Amino acid sequence: MIIRRMKPRVRACLWLVSVFHIVACVGTTVPVTVAPVDTPQIIHPTTAPQPSPFIQPTPVSDPSIYGNIQIKGAPEFITQTRAALALLEQKDTHAFTKVQTYVGIIEQGEHSGMWAWEFPPRYEVGDVTAFYSVTWYASTIAHDATHSELYARYQAEHPGETVPPEAFSGVEIEKFCNGYQLEVLKRIGAPQAEIDYMSTLDGTHCDVDKDGDCDWDDYQKRDW
Ligand SMILES: [Ca+2]
Ligand SMILES: [Ca+2]
């Protein structure tokens with residue numbers, strides 16, 4: 001009797017449940033759970049910059065700056081120096097970090113030498129060295145950064161003292177820097193001829209006039 005008063009669809013459903021033990025009827029539209037109602041969102045005003053409708057021009061980076069290093073010279077010197085620094089960055093993280101720490105300026109010059117006592121330390125490079133090859137040039141930057149590192153370390157350990165030449169230059173120091181340069185050449189994939197040449201150096205290459213020392217006369221006579 002109660003069933004009779006129900007809507008025909010519900011009645012049929014209850015009949016199906018009782019006869020076939022169907023646990024649910026298709027068509028029962030009463031929702032089991034209440035659907036979540038969207039709560040109104042409070043939009044706070046923001047001070048963040050809004051996207052500009054105009055495309056901002058990409059700032060043109062200065063090619064004479066590479067990390068902490070300023071490169072001074074002709075455009076082709078800057079290009080070559082960037083290639084050498086990029087090679088170190090890609091293939092030899094240790095050397096790249098050292099170079100970025102102990103060299104502030106790489107400048108095209110008459111000869112190649114490290115002005116470790118300047119602020120910032122400056123690696124002057126002759127064209128013979130810079131344009132010999134990118135691998136060779138990169139290895140010389142690492143070599144001369146080692147001179148600068150030795151200078152800076154002595155200075156840090158002996159505040160107020162003049163750094164003696166033997167702390168960062170001379171035959172023994174050259175041997176040390178050559179050893180490091182040889183490792184760098186291997187790590188950056190230098191040609192075997194450059195690795196072999198480096199292996200033959202005994203640290204006396206700085207004594208150009210062969211009078212037993214590495215002084216200003218030798219620097220002036222450098223053809224690299
Ligand atoms: Ca000499
Ligand atoms: Ca001399």
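This is a predicted model: local features need pLDDT of at least 70, side-chain atom pairs count only at pLDDT 80 or more; totals for chains, interfaces and linings use all residues.
The expected span of a helix is 1.5 Å times one less than its number of residues.

**View 1. The whole chain, element by element.** The chain holds 9 helices and 5 strands. Starting at the N terminus, these elements follow one another as α-α-β-β-α-α-β-β-β-α-α-α-α-α. The chain has 224 residues, and 26% of them count as buried. Among contacts with a separation of 6 or more, 55% are between residues 24 or more positions apart.

**View 2. Helix α3, its length and its buried side.** With 17 residues at 1.5 Å a residue, α3 should span 24 Å, and its end C-alpha atoms do lie 24 Å apart, which agrees. Phe 77, Gln 80, Thr 81, Ala 84, Leu 85, Leu 87 and Leu 88 are the buried residues of α3. These residues are on the same side of α3, because they cover an arc of only 150° around the axis. An α-helix has 3.6 residues a turn, so residues three or four places apart point the same way. On the other side of α3, the exposed residues are Pro 75, Glu 76 and Gln 90. The elements packed against the buried residues of α3 are β1, β2 (69-72), α4, β3, α5 (127-130) and α6.

**View 3. Helix α4 and what covers it.** Helix α4 comprises residues 93-102, and its residues Ala 95, Phe 96, Lys 98, Val 99 and Tyr 102 are buried. They cover an arc of only 160° around the axis and therefore sit on the same side of α4. The cover over these buried residues includes α3 (75-91), α6 (134-157) and α7 (171-187).

**View 4. The five-stranded sheet.** The 5 strands form an open sheet with mixed pairing, in the order β1-β2-β3-β5-β4. β1 (65-66) and β4 (113-115) are the edge strands, each pairing on one side only. Strands β3 and β5 run parallel and are joined by 4 bridges. Within this pair, Gln 108 is opposite Val 125 of β5. Helix α6 lies across β3 (105-108), β4 and β5, and runs at about 35° to β4.

View 5. β4 and β5 form a hairpin, with 6 residues between the two strands. The strands run antiparallel, and 3 bridges join β4 to β5 (residues 122-125). Met 114 has Tyr 123 of β5 as its bridge partner, and Trp 115 stands opposite Arg 122 of β5. Which residues of β5 are buried on each face? Arg 122 and Glu 124 are buried on one side, and Tyr 123 and Val 125 on the other, so that both faces of the strand are covered. The loop between β4 and β5 contains Pro 120. The peptide bond from Phe 119 to Pro 120 is cis, with omega near -5°.

**View 6. The largest nonpolar core.** This core has 35 residues, and Leu 88, Val 99, Ala 138, Ile 141 and Ala 142 have the most contacts inside it. Two or more residues come from each of α3, α4, β4, β5, α6 and α7. Which element gives the most to this core? It is α6, with 8 residues. Beyond its neighbours within four places in sequence, Ile 141 is in contact with Ala 84, Val 99, Val 103, Ile 106 and Tyr 123.

**View 7. His 143 in helix α6.** His 143 belongs to helix α6. Is this residue, His 143, buried or exposed? His 143 has 24 other C-beta atoms within 10 Å, and is therefore buried, the cut-off being 20 or more. Leaving aside neighbours within four places in sequence, His 143 is in contact with Cys 177, Tyr 180 and Gln 181. Gly 179 is 36 residues away from His 143 along the chain, and their C-alpha atoms are separated by 8.7 Å.

**View 8. Lys 210 in a loop.** Lys 210 is part of the loop between α8 (192-200) and α9 (216-221). Phi of Lys 210 is near 55°, a positive value in a residue other than glycine. Most residues other than glycine have a negative phi, and most peptide bonds are trans.

Terms used:
Residues are numbered from 1 along each chain as its sequence is written. Chains are lettered from A and ligands numbered from 1 in the order in which they are written. A residue is buried if 20 or more other C-beta atoms lie within 10 Å of its own, exposed if 12 or fewer, and partly exposed in between; C-beta atoms are placed from the backbone. Two residues are in contact if their C-beta atoms, placed from the backbone, lie within 7 Å. The arc is that of the directions from the helix axis to the C-beta atoms. Two strands pair if DSSP finds at least two bridges between them. Axes are lines fitted to C-alpha atoms, for helices over the stretch in contact, and angles run from 0 to 180 degrees between N-to-C directions. A nonpolar core is a set of buried Ala, Val, Leu, Ile, Met, Phe, Trp, Tyr and Cys residues joined through C-beta atoms within 7 Å.
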